Each structure stands twice: as structure tokens, then as C-alpha cells.
Amino acid sequence: MPCGQPGGGAAPALYVVGVDVGSTAVKCHVYDRAAAVRGSGCRKVEALHPRPGWVELDPEVLWSQFVGVVKEAVQAAGLHMRQIAALGISTQRSTFITWHKRTGKPFHNFISWQDLRSAELVNSWNRSLLLKVIHVIFTVLHFFTGNDRYLAPSFLTFSTQQTSMKLSWVFKNIPEADEAAKKNNCCFGTVDTWLLYRLTKGSVFATDYSNASSTGIFEPFTKCWNPTLCNLLSIPMSIYPSVKDTSFNFGSADSEIFGVPIPIMALVADQQSAMFGECCFQPGDVKLTMGTGGFWNVNTGGNLCASHGGLYPLIGWKIGEEVVYLTEGSMSNIGTTIKWAQDINLFTNVDETAKMARSIVDSQGVCFVPGFQVSANDPCLSASFMGLKPTTTRNHLVRAILESVAFRNKQLFDIIVKKVRIPLRTVRADGGVSNNSFVMQMTSDLINKKIEKPSNTDMSSLGAAFLAGLASEGPAAEGTVLMKFK
């Protein structure tokens, strides 16, 4: 971890702060040089639902929570802000906001990655003749060139989770944003960009490669915002932030915020950050995150695998000249399903669920069919229980829900094995649901692989801290840091 040079008798800056701005909570940990947690803070994220299917976050509330949780963690560690050498920020992906370039005033709340307001637009595009023509053109280009860059557009389909369609919706439905964009006065940013903008009092407008590639608007092959897609969806190119390395000196937080300027040394998307925190540095390393949603990530090294079979390519991180690519498959509503079961009183404490599932031999034929299955882009799909009987108990329902998580893990793992032509190495798990021993064991049995799990499952904040530490110490320290935490 980084070691700043004290001045004027001040305490040495020996600590790194890693913040994870997730879908359900903002978590912050203060790490020392041995990567041990010295202090923590947590604030619950409250989503807004102004209309059915809409999911928003209040930017001012999120900003207040971010600042508050950093102060809380540093205080819990018994430290002063001047002892913090670097700040690393991991954020939920594809949640975005637009604001006026001159005033800094947002045109709307954060629109969450879970938001479904673009469903009608998505369905219209996916049924359109133009999209079919695009498929044909790029299929022919891929056939004659063999270039994987043309493979993904050859079967491109839009989904409500993608930023592109919701951003298109913004310019069609919020006249103030559209008018500002026409005058080059509109800024677009994911959560990391907005926080950086606020931390630096508007002086830095940037994101990193991992967050940019997760929007679906950034072209991972060319490493730039996709002008073709933007023209197709009538999204102005002037709104986008500059894209920097993941481990990079983004500037310092204004001294009015924390009392002293704190260097912001890493911005990273949460799944990529968890991958880095899990030390999945080698091609073939696999990371399974089970939190609000489920994400399987495979390190493909310097090889960028085209989208196929429900999998899609991402930039994991960029440090100097090195770019590490990932292939990802995702499942929605894992943690949220378990939370729903708790809300309807199927159990009191989530820690009880593994014991409840093991208290019976099987689910007695009861199946829980998740509403959002692997590779399904239909926002109207609904979840259901099947096989209910007069003898069905809470334990059967709970077991069926947990089994559905393991079965979907198996389904996605099989797709990865089939489509990713890289020998898979270690599988490491994190996220709140990975604490469930029943889900972990059943998943391990189904995929016939050992799954490693760290004692601390907050890997996103740790990954952000690692990346911030690397930028703070400089390239010469990279090998030492990575070996220390492997």
C-alpha cells in the first residue's frame, strides 16, 4: 500500500481508502500496508421508484452518503484525513446521470442499471427492420474478414440494462437535456464520473476504461466511444467524459470536503474491481460475484473475445500500457430475490436459509423459476413457483429459491466453458450471497470445480484500494504489491 511523504511533522500517509458504491449500500474500508482493514463505514442506498419499473437514485443523497461514509471509516480507524495517501472508488455500473456543463445542475436523478423505462424503446429496436439489416451487413463483414470486431454487431440486441437505450430515452423525453446537448452544454457520467466531478469541484470530467466499457456505448476494440451507435440512437458525442487508466492520478478531492486534499488514484467498475481484489490476474482465472445480481467474469488476458451466447467483452482494467480484458455473463435478481423472500417472511434472518435448505432432503418437487434468466432480455418476464402442494413448507420454498441460484450458476458456467476458448483456472467467489454455504456447495457440485472464497467478501472496495495503491506508489511498485496480496 502507498506511503506518502509527511511534511512539517505530520503523521505519514500510510493508508488507502477503498469505497464501493453499490446498488444497496455505500461501503468504505480503510486499509493499511498489509491490506488489513483498519476502519469501516456503511450507508444504505435507498432507491426511488417514481413510476412502475423506474429505478432512480437521488444524486445529492448519494453524494452525502459517499462523503459521510469516508469520514465515518477514517474516524473508525482512529486516523486523521492527512494520513490517507490515496482514494480508490469502485462503483455500480451503467447507472448514469446527465447535468449542465456550466451550472453542474443535474437534468434528472441517477437512472439505475435496473431501470426499465426504456423497455418500449428496446422492444421497438429489437423488432426493427434496420437492426435486421445491421445483422446482415456485419455477418457478411465478419465472414469475409474474419475480424471478431464485426461478430458482436452481427447479432446485436438491445436490453434495458444497457445505458445506450436509457440515454436515448433521456434525450427524447427531457427537453432541457436535449437542448443543452445541442449547445454542447450537456455532460454524461456514470456514478464514478459524477463523484469525481463533485470531489474536484467540477475541475475533472473523466472516467476509466472499465466503467466506460460497461456502458455498452464504448467500443472495447477501438477503445473509444462508439460513434456509429451514437448516430444510430441520436446521442450527441459531445456529452462523454475523457477516458483514463484505471489506476491513475485523477486529481485530488477539494480540501473543503475532507479538510485536506486527498489524491483520487483509481476509478473502477465494481465487477472489475472485485476481479482485481480477488487477484484474478492470470488468463483463465474466474470470478463469481453473487450480490444484487450474479456475475461470472473470466480473465482473457490481452485477448478480446467478441460477444456471443449471452457473454460480452469488457475491459477489466488498464494500467499503463497493459490492458486486461474480461468476458462476462450476468444474471439479474439473485440477492434481490432472497431479500424479497425475507420481506414476505419466509425467514427472519438470511443466515438461517442454508440451515433451512439442509433440514429437508429435497424441495419436494417445488421449483422457483427466476424472472430474469440467463441471456433473457425481456423485462416483462416474471418469477414463479412451480410444483406447490398442500405439504409444501417454508423450508421447501427457501430451498427452491437457493437451488435456482445454483442452477443458474451452472447454466452460465456451461456457456462460458463452451464459448470461452481459454482453459479455466481458479474460481473465486465474493458478494453477500457467497456467504450462503448451501448455494456455494451446490454450485461447486454442479460445475464440478472447487470454489475459493475469501473471509472478507467486500472485494470491490479492496480492488479499488489495490489500484489506488499502485498509482500512488508508481509502476515500480506494481510487482511487489501484486505479489504481496496474491
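Author: Before we start, a helix here is a DSSP run of H or I with at least four residues, numbered from the N terminus. Also, this is a predicted model.

Reader: Fine. What makes helix H7 "mostly covered"?

Author: H7 spans residues 191-199, and eight of its nine residues are buried. Those are Val191, Asp192, Thr193, Trp194, Leu195, Leu196, Tyr197 and Leu199.

Reader: How do you know that the structure holds zero disulfides? Take Cys230 as a test case.

Author: A disulfide needs a pair of cysteine sulfur atoms within 2.5 Å. For Cys230, the nearest cysteine sulfur belongs to Cys224 and sits 9.9 Å away. That is beyond the cut-off, so Cys230 is in no disulfide. Cys305 goes the same way: its nearest cysteine sulfur, on Cys280, is 16 Å off, so Cys305 is in no disulfide either. Over the whole structure the count is zero.

Reader: Why is Cys230 called buried?

Author: Buried means under 20% relative accessible area. Cys230 has 0%, so it counts as buried.

Reader: And what makes Cys305 "partly exposed"?

Author: That label covers the range between 20% and 50%. Cys305 has a relative accessible area of 22%, so partly exposed it is.

Reader: What about Thr337, why does that one count as buried?

Author: Its relative accessibility is 12%, which is under the 20% limit, so Thr337 counts as buried. Thr337 is located in helix H12, residues 335-343.

Reader: Which residues does Thr337 touch?

Author: Phe368 and Ile401, leaving aside residues up to four places away in sequence. To count as a contact, heavy atoms have to be within 4.5 Å.

Reader: Zooming out, how do you know that the radius of gyration agrees with a compact globule?

Author: A compact globule of 486 residues would come out near 23 Å, and the protein has 22 Å, so the two agree. The C-alpha atoms fill a box of roughly 75 × 55 × 45 Å along the principal axes, and 57% of the 486 residues count as buried.

Reader: What is the protein built from, in helices and strands?

Author: There are 17 helices and 22 strands. Among contacts between residues at least 6 apart in sequence, 68% join residues at least 24 apart.

Reader: How many positive and negative side chains are there?

Author: You get 44 positive and 38 negative ones, with the centres of the two sets 2 Å apart. As for the surface, the protein exposes about 20100 Å², and carbon and sulfur atoms supply 53% of that.

Notes
Residues are numbered from 1 along each chain as its sequence is written. This is a predicted model: local features need pLDDT of at least 70, side-chain atom pairs count only at pLDDT 80 or more; totals for chains, interfaces and linings use all residues. Side-chain values use heavy atoms; hydrogens and water are left out. Buried means under 20% relative accessible area, exposed over 50%, partly exposed in between (1.4 Å probe, protein chains only). Helices (H or I, at least four residues) and strands (E, at least two) are DSSP runs, numbered from the N terminus. The radius of gyration is taken over C-alpha atoms; the globule rule is 2.2 Å times the number of residues to the power 0.38. Accessible areas come from the Shrake-Rupley method with a 1.4 Å probe; for residues, only the protein chains shown count as cover. Lys and Arg count as positive and Asp and Glu as negative; His and the chain ends are not counted. The place of a charge is taken as NZ of Lys, CZ of Arg, CG of Asp or CD of Glu.
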